[in-house]
Each structure stands twice: as structure tokens, then as C-alpha cells.
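User: I am new to this structure. Please show me how to read its features one by one.

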Protein chains: 2
Amino acid sequence: MAVATQSLEELCINSIRFLAVDAVEKAKSGHPGLPMGAAPMAFVLWDRFMRFNPKNPKWFNRDRFVLSAGHGCMLQYALLYLTGYDSVTIEDIKQFRQWGSKTPGHPENFETEGVEVTTGPLGQGVANGVGLAMAEAHLAAKFNRPDITIVDHYTYVILGDGCNMEGVAAEACSLAGHLGLGKLIALYDDNHISIDGSTDIAFTENVSGRFESYGWHVLHVENGNADLDAISKAIESAKSVTDKPTMIKVTTTIGYGAPNKQNTAGIHGAALGADEVAATRSNLGWEYEPFHLPQDAVNHMRKAVERGAVLETEWDKLFADYSKQYPQEAAEFKRYVSGKLPDGWEKVLTSYTAEDKGLATRKYSEACLNKLAPILPELIGGSADLTHSNLTEIKGFGNFQKGQYQNRNVHFGVREHGMGAICNGMALHGSGLIPYGATFLIFTDYMRAAIRLSALSQTGTIWVMTHDSIGQGEDGPTHQPIETLASLRAIPNLTVIRPADGTECSGAYKVAINRSKQNSPTLLALSRQALPNLTPTSIEGVTKGAYTVVDCQGVPELIFIGTGSELNLCVAAAEKLLGEGKKVRVVSMPSWELFEEQDGAYKEFILPKVVTKRLSVEAGASFGWHKYVGTEGDTVSIDQFGASAPGVFCMEKFGFSIDNILAKAKALLD
Amino acid sequence: MAVATQSLEELCINSIRFLAVDAVEKAKSGHPGLPMGAAPMAFVLWDRFMRFNPKNPKWFNRDRFVLSAGHGCMLQYALLYLTGYDSVTIEDIKQFRQWGSKTPGHPENFETEGVEVTTGPLGQGVANGVGLAMAEAHLAAKFNRPDITIVDHYTYVILGDGCNMEGVAAEACSLAGHLGLGKLIALYDDNHISIDGSTDIAFTENVSGRFESYGWHVLHVENGNADLDAISKAIESAKSVTDKPTMIKVTTTIGYGAPNKQNTAGIHGAALGADEVAATRSNLGWEYEPFHLPQDAVNHMRKAVERGAVLETEWDKLFADYSKQYPQEAAEFKRYVSGKLPDGWEKVLTSYTAEDKGLATRKYSEACLNKLAPILPELIGGSADLTHSNLTEIKGFGNFQKGQYQNRNVHFGVREHGMGAICNGMALHGSGLIPYGATFLIFTDYMRAAIRLSALSQTGTIWVMTHDSIGQGEDGPTHQPIETLASLRAIPNLTVIRPADGTECSGAYKVAINRSKQNSPTLLALSRQALPNLTPTSIEGVTKGAYTVVDCQGVPELIFIGTGSELNLCVAAAEKLLGEGKKVRVVSMPSWELFEEQDGAYKEFILPKVVTKRLSVEAGASFGWHKYVGTEGDTVSIDQFGASAPGVFCMEKFGFSIDNILAKAKALLD
């Protein structure tokens, strides 16, 4: 079919297809198959439905779009380019997958304006979408008034077979159905092909039936390659159902238009090659050189700029009215979106002294959350079915449930991974929400991909992890973290804090909230068991990552470095040694990452190079500690799996006792 | 209802209930709710259906039982005790959750004979069950003959709401439906309660509909508290459907019998307390002291011993016949079960020299797998939809599919976590299978809980992980491991090996296969990109974890420590320095864990204490390397997220170049 006979819409769709084909061909790397097959649904969605402003990608009330099948990112870059975003030019598309480009191999929100969330690890995007829709529902319930609706957008997701095989997507979609998120609309690119070949070899379930079982509204577009009106009608139908999320199965042909490679795994993740590119051009009647497009198509899609300006202007007017009628709410809304914290918020975070009865740090965490919740209404979150173990309920703020979206306690169910991706989605809604997600520290293993993405994609999520060591006790080795702290500290851009008592827990929350506003996630490791309050601990100290809590005159012979539940053991051991005339120091080190941010002088002040006798004490693996204890130092640590027994037994048996610490210290001193 | 009026079956069921109640009460810790509610289904299953031999828990043809809801372990301990296993005595039950007991807080296969797999982290057990059923199907297809069936058992799973919320269970169950595993029967304890309260707050999906969508046969027992015949009929019906797995939803009351606490979250995970224990005794007419049981009930359940002896004797006879008719197959079967490897198997693993064109280590891995597959028929596995990227296909051995269970290439779909748990289940079938599972190294994050359990529960699984660094290239930071190696090395009992070339890859497989037979998992980190073969590398060297590949005369001034794709850079840098008259050594360190197993003399021989100028070179985080480079050393490493660009650019830009290595080395030497 020659260009002359193609409708304007066909020209637009083929423009998307060939931008993908040519960019992948030039890069000799990438995934042309999905963009070629999903171009029609994406075109219909972006051209006929999506409300956004290309010239202000962060316009608050925009519809959110998530390409959960992130490998198909050329689809998204083509849409951003065609609809007039400044973030993606034709030159950027020519630089697809090259060093420093705005068009990396998977969509990255921190690289490319207009990309809402970072996708590629499959299943994450649709789960982020659930979080985006929850954020919208929450803010709508909180801020909208019967006469003025200022929060009112859809979250659209395109996902593929890969996403639908992933457990994280299953978890989040089950919860989305439970919550009845009517403004979440997922288009499932049902192309029957994954990397290994036909989905017949591994994925023959009835996906639609599954989503219906989740409580979703499910539709099917049989000819997603050409039937644009059917796609439109399905999206309209989806919008008309307001009490359920909708999954539209859109049956397509992967690599549509490539005569020899379409509908094969060969087109999923590799360039077509010159011959097939030529054959595709011929087959689709495409007369344009690579990266050249019919001006009519570009002009048509660029109308999004004008539409977007109108949409934003209308909304601005609406918001001006809202500001007049509801000045207090409008001010609060503006504060949310600005990402500013209310003045003096941190004053509720209190210090404790040794006179205060010691509690588990999870209890202090509960206190912090409950003190912060009234003054930080943007704090929203919950636990993966361990609310009363993690102690994360913010009392008086109700359960976030269908029709009760103004509430702030989210029950995620036993869905750690889904929780993680949902929290990231809420954070990346860009509306100032501070999401938190909680489970046992060991179960970070279930949600690690989401935690990593919180760090990579710069979300301000707070991970509240309790039962942080063998001190957990009777549940035994399946539930006792050993290597877990090390494995989390190793993640770039994630701040891990393990507070030792009530004061340090306050410090940890001070850091976590502040970093949330800097789009940086924090993970708190909290004890199950009660710990004494130590008078010398301080909020300020926590913010520096490590600081001295017990010291001697002059240069110490030995430095204890303790964290969390073991700090008090270090203090006791040090006091014994000080009493014996030894010169020792105790450094509390709740956060390696915060300590690394300090300048060299501070680091030297706390851990002088000259003091080579150093003993770390932490109920976790020694892995990584050699950086701080050095070649001459030692660790009190546990490098094997734990055991089922009361926590005090576990601690004692595995060497977390004052006696053993003293013995190790004396061995170093001798 | 007084004891006198209770049927024998009721006495048995109440015996299970009160063992759980009293053990949890004594321990003041544990989960009585599930055992009390699930006792009827468990009794029916173990008394009327399960084929096992308590006096030989490892009898090959036993039905496998998995308590996926592992927190309810007192159910399993009660069954083991009552049916006459020697592993759990009444004294052991009194020691529930205590140090050194056989009755830890969650079922651990390595602690308690009769426990098949380690459960507790929710969802893992049912996914292990899929692996057990796949192992059975495979061995049945391979060894059974039309006239003699020697492999013929069911896999039964009890799972709860928690398991059914977990993505790992969803992934594995979708695959089980696809594979039509007719001998997998899951009983879903539908008690409507999870830790946070009623499942109404987070889990309202139609579970039965979901399993039907997966292709399962689904049944419902409405009164699981009392209708034993309905449970029986359901299990019979499940067995009659041979081409689909069956999910029996058994509606029960959590904590059945506790008048004030049943059907509440309060009984899920806490002791009942003396008052409620008394009230429960009264309510269920239970006149026995704690840990005392009606002898009739014990006698009845102990008939399992006699039944088991008969079953095993019958099977032995069958196997004797089989041995006569099929001596070769019988010998092979015996070798499988004995866990012995065929003599000389490792001879196929070849060495390479610098003359051999260098390939990616994933390519050498493919060669190893394909050389091993014909001589190790117990090798079975595959990839999570990255077969032709991971290069894990064993050619000529067909795809493991419904009705084609004799084949050995498993297509797991994009289900990393499910794959992990399934591989663990296949390993713990105890039949000598060596399962392997593959994906990109970064996606170990998706399956970390299963990898940890492979190490904890002593499975011989082999994890084949490719695209092991930023050298991965264009896919960008979502796909590029940074902290991943560190996070895996930190796991106790897991051996991580990162080979540098073809020879080291052979060494890695030698270790992995041997360790598999020692029930120890190995994870291979393999390059996407081609690497030169280095003449001094050796298989023997790999087995020691670290060894010298380039050396100088006398004591070196500096030691390079390289792994994987960076070893050749170290060699090139060292040769330059040696040419300049510097005294340097290059140590190849493919495995930290194997090196740590060596004696002190060997370690000192390779990394002499006196040489403090050490430079590690690895395209991953520095995290953990200070143990080897010490206070005076340095690392060439990457402690930030990667970038989307061709792999060679990424390597160069992030400092993995001979020039940068030389510069860092010279800085140390100066």
C-alpha cells in the first residue's frame, strides 16, 4: 500500500513503526517487535484519549502512561517525539541506546522527561501503574470537592506477555481488583510471542479469566493491528466502568509489517537487518528514508501540543477557582506538589535517655510514624500483612479501601513485591506523597527488584523493615536475616539505617523523610526485641551515619563499631574495659551510606587511621565490614544461617554477648 | 462433646489439634490457628491417601507432602509423630521452637526427616511442589515401562491464603497448569484470615476462578471442619483427573475449636493463653493433659508404619522385577537415587589456550552443558524465557512439555521466582536430578528468596546467570548488575563462581556438578561479551577459588586480583608492568567461597600478608572487596548504576580499561 493511499492515521502509526525499526537498525540493538505491533493501540490512546501537555511533562493532572513492557521503549520515544515533547528529538532517536543519550535501552524516568516510571524489569511497570492509580484515587478523595474536581486523571499501562507471567504483576493486579481502581486501564499487547518463541511453550493460561477473577473489567480487541475503532470503543468502555480497573486484551502481531519476521521471536529483541527493513518498507508502502516522516503525520500528532496547552490552561483556571473557594486545601495541595515539608515537622521526633524504658526499635518506629502522620498528611503506606508485627499502622487515619481512598493505611496483603512496586509508583506520581512499605527484613528478598528500582529511579520510598536479625528468634533461619543488611547496603543510592534505640530511630525518620523529598529511598532495619535507650545517642549523630558514643582520653587503643541492637553490647563491653584502664571508643554506625557522605576530616575524626584495632559488632554477616575494621580488625558477626529458638538464646549462642565481645576485644588488644 | 462420644477419626483430628495447641502454649510462640483448622484435611490425606513409610522417610516412591503454609508446622510435626516417624517424638514436640530441637519454627528438611522441603517464606512450598511433581513426571516418563511402573507418586500440598497472595505461587501454578501436572494436588486451606485480619481487607479475588484460568481442575469442600467424606471425595476426584493439577479449596475455620479466638487473626500466630486453652479443651471435650493423647488415636494413626512397610516391600518386589527385565535402566535408576556421578564424567570438561578463539563465558557454559548433558542424564533445566541469551538449551533432549515429560529442556516462562522454587523442588525430590535455572544475573533480584532457600535447604541447584556486568551494554542500568555479585556472595552456603574464560568455565561446571551432589548450590556469573582465553588459567585453579596466573620473581610489590571478564585486563596490565621491571602478580579469583575453604597456608601462598598493595578489578561494586585488598589496597570497581550504551563503551567509561588499571596500580606502587 503506497503512502498516497494511506489514511492519516495509518501514516501516524507507520511513523511510529519506522522510527522504531530505523532506530533499532541504526543502534544494531533493541526491540522493534513490540513497537511495530502495539503502534495502533498506542496511537489511538495517545491521539484520541490521553490528556497531557508535551511542553510541561510534569503538568499535575496529566494522564499517566506506563510502558510496562519497557523493552519496547522505542514506542514511547516515538510517541514523545511525535507529540512534541522537547525531551526526545529526532537526533535523540538517532542516538538510541548510545552513551549519554535521552533514549536509553529501557525507559528511565530520570533520563527522559515524559517517562513516568523506569521499566524493563518485567511486571514492575504495571505494578507501578497500580501505585499511580492509588495515588490519584487518594488525592482525588482528599482534595476534590463536589463542585470542583482538580485531581482527575487516568493511568494507562501497556503490558505484554512477559509482564503477565511475572508474579509482581499478579500481586499488584490482584490488589488493584480488590481496591476497585476504576481509573486504571491496562492494554495487554497479546502477541503470543515471548523471547523463547510462541507463548504456547510456557504460557497458555486464560489471562482474561485470571483478570476477571481478580475483579477486573476485561475486554478484548480481536484485531489490534488494524481495528482502531475497536480499540477506541474498548477504551471508552473501560472509562465507563468506574468501580473496576480494566484490562483490554488487544490481540496483535509482533513486528507487524515485517513480512518474513513478524509473528516470530526473531523480531522481539533484535534489529531486522537491512533486507528485512527494506522488505518491511516495501510491504507497508513506506517511501521515506530512515528518520524521515510524512509531515502530515507529524503535524497531526503535534496537535497534542495545542491540546495540552488548552488542557493545562483549563485546569489552571479550575485550580484558581479552587484556590478561591478552598484556600486552605489549595495551599496544602500546592505544598504537596512542591515537595516541601511543613516547617518544623521534625520537632515531633524526640530523643530519649537511659531513664526511658527501652523498647524495640520497631516500637519507636511506630511512635515516629504516629507522630509524623498528623503533620505529614502525605505519609501513606502499610505492610504486606504484618501490620501488627511491623507496627506500621498510623492510628486514626483509616484503611485505604475501595471507596475509602482518602484513608492512608494500605493493606497490601502478603504481596511484598507488589507492595514495593506500588510504593514506587505512588512516589513517582510526583505529587509529594511519601509512601512507605513494610515487612520483615528477610522478606526484602521477595521485593528486591522493587527496592533496587526505588534507588535507581529516584523514588522517595521509605522501606520499614522489622525483625532485623537472629534476635527475631523462634521463627528460625527462614525468617532470620544474616546477609540481608549487606545485600541492601550494596545497592547504590539506597540509604540503609539500623538505629540502636529510640533516639536513633527518631534520627532515622528525620533522615528518611528528608531524603524522600530528595527523591532518595531509605530502608530502616528495626529490631523485634526491646533495646535499652542509651543516653549518648543522638539524632544529629544518625544524620552523619557514624559518631562516637563512648570515648576515652587521648587516642583509643581499640574502637568498637556497633549498629542497632548490638550497640548497647558494645557500650557495656567498653565500659568494662574503660574500668580496667583500657582506652577504647564506641562508635555507633547506624548508616554506612550516610557516613560515606561525610568529609574526610569527619571520617578521620571518628575512625582515625592510626587506630587499627577495630571490632565491629552486628548481628549479621561480616560481609563488607572489612572496609571499616581493616586488616587488623575483627568482627563479631554471623556468617551462617540462624536457628529456631527464643531470640535471647540465638543472640547468646551466636556470640552476641558481652563476654564474647570482650574476649574478641581482648584478643585484639593483646 | 466428651471423648467417649467422639469417633476414632475425631479423636485423631483432635489429637493433631491439641498437639499444636499445647506445643505452642508451652513454647509461648508459634501458629496454632492453621493446624487446628487444617487438621481434618490433613488427617484424611495422611490416613486415607498418602503412601509413605515412616520408618524409611526417604523411600523413593513415597507421596511427597509439602506444607506450604510453613508457619503451621505443628500440623506436620503432629502428623510425623502420630504416624510413627522416628524423627519427631513427643519430647521433640515439647521442645517446639527451642534451641537444637527437631521441631523448629518452620519446617526444615535438613533438620527433620519426613519434611521434604523447607517452607515458611510464603508461596515457596507450593512452587517447590510443582518442582516435585515435575521430577516425578520426568522420572516416570523416563523409567516406567508399559508393564512395570516404578515411579508413581503424588505430590500433595497444603497452602493457605498467604501462599495464594504471593507472586511466586502464581508463577509456579500457572506453569503447572500449562504442563498439566496431573499428580499435583493442592489443598487450599480457605480460612479467610491472614495476619492482618479478614482476607476481606486485601484479598477478595476469586481464587478458584484464577486456578481454573491456569488450567487447573478445581474443587470445593464447603465444610472442611467436619465433612471428612467430602474431603475424601475431592481427593479421589483429584486423582481421577490425570491431565491437570487439582486445587481443592477446603473452607475451614482458623483455630477451629477455640471458642473465643477461632476465626480471628488472634489465633493465627500466637499461643492461645491458658484460659483459651482450657476453654478449647472444654469446647472440644478434650480430657487429656497436655501432650497426652488417646491411645486409640495413636494406635490408629501408627498403622501407617505397617502400611508403609507393606508399600515399600511391594515396591521393592516391583523393582526387583524391573531390575530383571530392565537391568540397564534399573542400574541407571539406582545410580540416580544414590546420587553418584558416572565415572570420569568430568573428562568432557576441556581446557583452552590463548590460541583458541575467545568466546563469551555464556558460550563456554553452553558448551559445558551440552557436553555434560549426554553423560549426565540427570541434568534438567532451562531458562526464564531467555534460552537463547543464557544459552542453556541442551540440544537433542527436547522440551519438557505436557505429555513430553521425558524431555529435559524446561521453558519456565518469564517466571524467575517460580523457576527458582521449582528447581529447588526438583533437587529436593531426592532422586539425583541436577536442576539448573537461568536468567540474566540482574534478575536474581526477582528470585532471591528461592536462591537463599537453595542454600539454606541444601539443594544442589545450579544457577546459570549470564550478562553479568555493565558489559551487558545497551539494555542499560535496569539490566546491568552492579551490587549483584556482592549480594549473592553474602549468602551463606552459596558458591558463586565468575569464570574468566573457557578453561575457568569448565572448572566452574566441575565444581557446580560436584557440589550439586553434595547438596550445595552454585551460581555461575557469565559474560555476555567475548573474552580471550588465557593460557595460564586452569580447572584446578578454579576449584581452589583463587590462584596465581601471572607471577614475578620473588615477593611481588603488588597483586592484581581479577575475576571473570576483567582478568584479561589484569593480565595485560601486569605484563606491561613486568616489562617495566615491576614485580607484580595476577591472581584469578573466580570464587571467594572456594578460596575461603582453602587452608591458611594456601591462602598465604596466594595472597601473602606482606603484600599490602593489592588491586582488585571487577566490573561490579567494591562492596566486600576490602577483605582481600585490605586497608592499603584499592579497587577498580563501579559503585553507581550503569548506563545504556554498547558494552565496550560502558566498560571503558566506567574505568575497566588497561589504562585506568595501570594508573591505579601505579598510584599504589608510588
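Analyst: Start with one residue and its surroundings. Leaving aside neighbours within four places in sequence, Glu171(A) is in contact with Arg415(A), Glu416(A), His417(A), Gly418(A), Met165(B), Glu166(B) and Gly167(B). Contact means heavy atoms within 4.5 Å. This is a predicted model, where local features need pLDDT of at least 70, side-chain atom pairs count only at pLDDT 80 or more, and totals for chains, interfaces and linings use all residues. Residues are numbered from 1 along each chain as its sequence is written, chains are lettered from A and ligands numbered from 1 in the order in which they are written, and side-chain values use heavy atoms, with hydrogens and water left out.

User: Where is the place of Glu171(A) in chain A?

Analyst: Glu171(A) sits in helix α7, residues 167-179 of chain A. Helices (H or I, at least four residues) and strands (E, at least two) are DSSP runs, numbered from the N terminus.

User: Which side chain of opposite charge is nearest to Glu171(A)?

Analyst: That is Arg415(A), 6.3 Å away. Glu171(A) has no salt bridge, yet is buried. A salt bridge is a side-chain nitrogen of Lys or Arg within 4 Å of a carboxyl oxygen of Asp or Glu. For charge, Lys and Arg count as positive and Asp and Glu as negative, while His and the chain ends are not counted. Buried means under 20% relative accessible area, exposed over 50%, and partly exposed in between (1.4 Å probe, protein chains only).

User: Which backbone nitrogen does the side chain of Glu171(A) reach?

Analyst: The side chain of Glu171(A) reaches the backbone nitrogen of His417(A), at 3.3 Å. For such a polar contact, the pair of N or O atoms lies within 3.5 Å; within protein, one must be able to donate a hydrogen and the other to accept it, and residues adjacent in sequence count only if both atoms are side-chain atoms.

User: Now salt bridges. How many are there over all chains?

Analyst: Side chains of opposite charge can pair when their charged atoms come close. The whole structure holds 58 salt bridges. One of them pairs Asp86(A) with Lys55(A), with the closest N and O atoms 2.7 Å apart. Asp86(A) is in the loop between α3 (73-82) and α4 (90-94) of chain A, and Lys55(A) in the loop between α2 (33-49) and β1 (64-67) of chain A, so the pair ties together parts 31 residues apart in sequence. Asp86(A) is exposed at 56% relative accessibility. Lys55(A) is partly exposed at 44%.

User: What does the pair of Arg97(B) and Asp475(A) join?

Analyst: The closest N and O atoms of this salt bridge are 2.7 Å apart. Arg97(B) lies in the loop between α4 (90-94) and α5 (124-143) of chain B, and Asp475(A) in the loop between β12 (462-466) and α17 (484-489) of chain A, so the pair joins two chains. Arg97(B) is buried, at 2%. Asp475(A) is buried as well, at 11%.

User: With which residue does Arg528(B) form a salt bridge?

Analyst: Its partner is Glu474(B), with the closest N and O atoms 3.5 Å apart. Arg528(B) is partly exposed at 32%, and Glu474(B) is buried at 10%. A network of salt bridges links Glu332(A), Arg335(A), Glu378(A) and Lys517(A).

User: Which residues touch the most other members of the largest nonpolar core?

Analyst: In soluble globular proteins, nonpolar side chains tend to be buried together. A nonpolar core is a set of buried Ala, Val, Leu, Ile, Met, Phe, Trp, Tyr and Cys residues joined through side-chain atoms within 4.5 Å. The largest has 172 residues, and Leu181(A), Trp216(A), Leu181(B) and Trp216(B) touch the most other members. A second, separate core of 102 residues includes Ala665(A), Leu668(A), Ala643(B) and Leu668(B).

User: How many disulfides are there over all chains?

Analyst: A disulfide is a covalent bond between the sulfur atoms of two cysteines. The cut-off is a pair of cysteine sulfur atoms within 2.5 Å. The search finds zero. Cys163(A) has its nearest cysteine sulfur, that of Cys173(A), 9.3 Å away. Cys163(A) is buried, at 0% relative accessibility. The sulfur of Cys552(B) is 15 Å from the closest cysteine sulfur, in Cys570(B), too far for a bond.

User: Last, backbone angles. What is phi of Leu391(A) near?

Analyst: Most residues other than glycine have a negative phi. Phi of Leu391(A) is near 60 degrees, a positive value. Leu391(A) is in helix α14, residues 387-391 of chain A, and is buried at 12%. Gln458(A) also has a positive phi, near 60 degrees. Gln458(A) lies in the loop between α16 (448-456) and β12 of chain A, and is partly exposed at 38%.
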